[in-house]
Amino acid sequence: MDRENAQDVLEFLLSFPSMIEEKRTFLLIIDGLGTTNIRLPRNRFTPRIFKTVFPSSTPTFFYTFHSLLPPYKHGYLEWYMRFKNLKEPITIPPWKTVSGKELLLGKDIKKKDVFPFKSLSEILYKKGIRSVYYTPYADSVFTKCTSKGAEIKKILYLSEIFPLENCDFSFIYWPSVDTILHKYFKNESFEAEIRILTFYLKLLWKKIPKNSRLIIMSDHGLTKVKKAYFKIFERCGLKPLCVEASSGTIGGELSHEFMVLSSVGEDKIVICKKCGFSANVEKTGEVAKCPKSVSYTHLRAHETSLHL
């Protein structure tokens, strides 16, 4: 597999077993970092943007990462999912009910419910490759089910990865940026966290043994996705509008959603005839003035829109 020219993230992930066999590998996943610039030696690091898995949600990616399967094969596609033997919808990968109950492995759910696949760590273990997983969620059901054969280390601070274990594959998951973005978006806390991460990454680069490989991956960096979504909807015979929307509990300043005008819809959107601006009224409120235009008369309200 030509991982150097891989365009799709799945294609890149599938190369991990052979990549780790070649040389000692450190993988650091910084949740929420996106395309934010981290100052690292340019002669040592090559930035890459991959085509993502679809749907582009955190559960989908992590199930694909740990199983090395495309989403249509593993089937774990969204943050909220329903399961046959459970009354409430479940949030994954935390594996808690929407009311907040943490599901117990062996009592409420079985491993085959959480992760009925051979994991990357199991594949490596059977090859005689030692893996260490560093994560704040070492006690979670998901981590326990996806790390067979690996040593799990719980970290509350990124500094706790030091001293580095003498192993073939180090997997480090760090969620601080994502947590800050959901709560504050890109304020001073975010900028400070990026500076702290830059320091730790430079330290990690100095500490890893020679002839090792350091891979830094992140999400929240979606680019050029609007056209892809429009193509999907067109194949379904739909003509949607991409409108500005409220980010709700997810947080952040900018969010979009796709809407189709419908007689059976339940949302209300406003559209400016002059500039084309459109938004869910949850975002704008009941206003007559277009926020992108000087005119007070160009907003047209649609009482019913179907949220895709």
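Pro-71 lies in helix H4, which covers residues 71-74; helices (H or I, at least four residues) are DSSP runs, numbered from the N terminus. This is a predicted model, in which local features need pLDDT of at least 70 and side-chain atom pairs count only at pLDDT 80 or more, while totals for chains, interfaces and linings use all residues. Residues are numbered from 1 along each chain as its sequence is written, and side-chain values use heavy atoms, with hydrogens and water left out.

Pro-71 counts as buried because its relative accessible area is 10%, the term meaning under 20% relative accessible area with a 1.4 Å probe and protein chains only. From Pro-71 to Phe-61 there are 10 residues in sequence, and the C-alpha to C-alpha separation in space is 8.1 Å.

A search of the whole structure finds 22 aromatic pairs, where rings of Phe, Tyr and Trp (its six-membered ring) pair if their centres lie within 6.5 Å, and planes under 30 degrees apart count as stacked, over 60 as edge-to-face and the rest as tilted. One of these is the stacked pair of Phe-61 and Phe-65, at 6.3 Å centre to centre with 15 degrees between the planes. Because Phe-61 and Phe-65 are four residues apart in helix H3 (residues 58-67), about one helical turn separates them. Both Phe-61 and Phe-65 are buried.

Phe-115 and Phe-117, by contrast, form an edge-to-face pair, 5.2 Å centre to centre and 85 degrees between the planes, and both Phe-115 and Phe-117 are buried. Finally, ring pairs link a cluster whose members include Phe-61, Phe-65, Tyr-133 and Phe-169.

Key: Helix = DSSP H or I, 4+ residues; strand = E, 2+ residues; numbered from the N terminus. Buried < 20%, exposed > 50% of the residue type's maximum accessible area, 1.4 Å probe, protein only.
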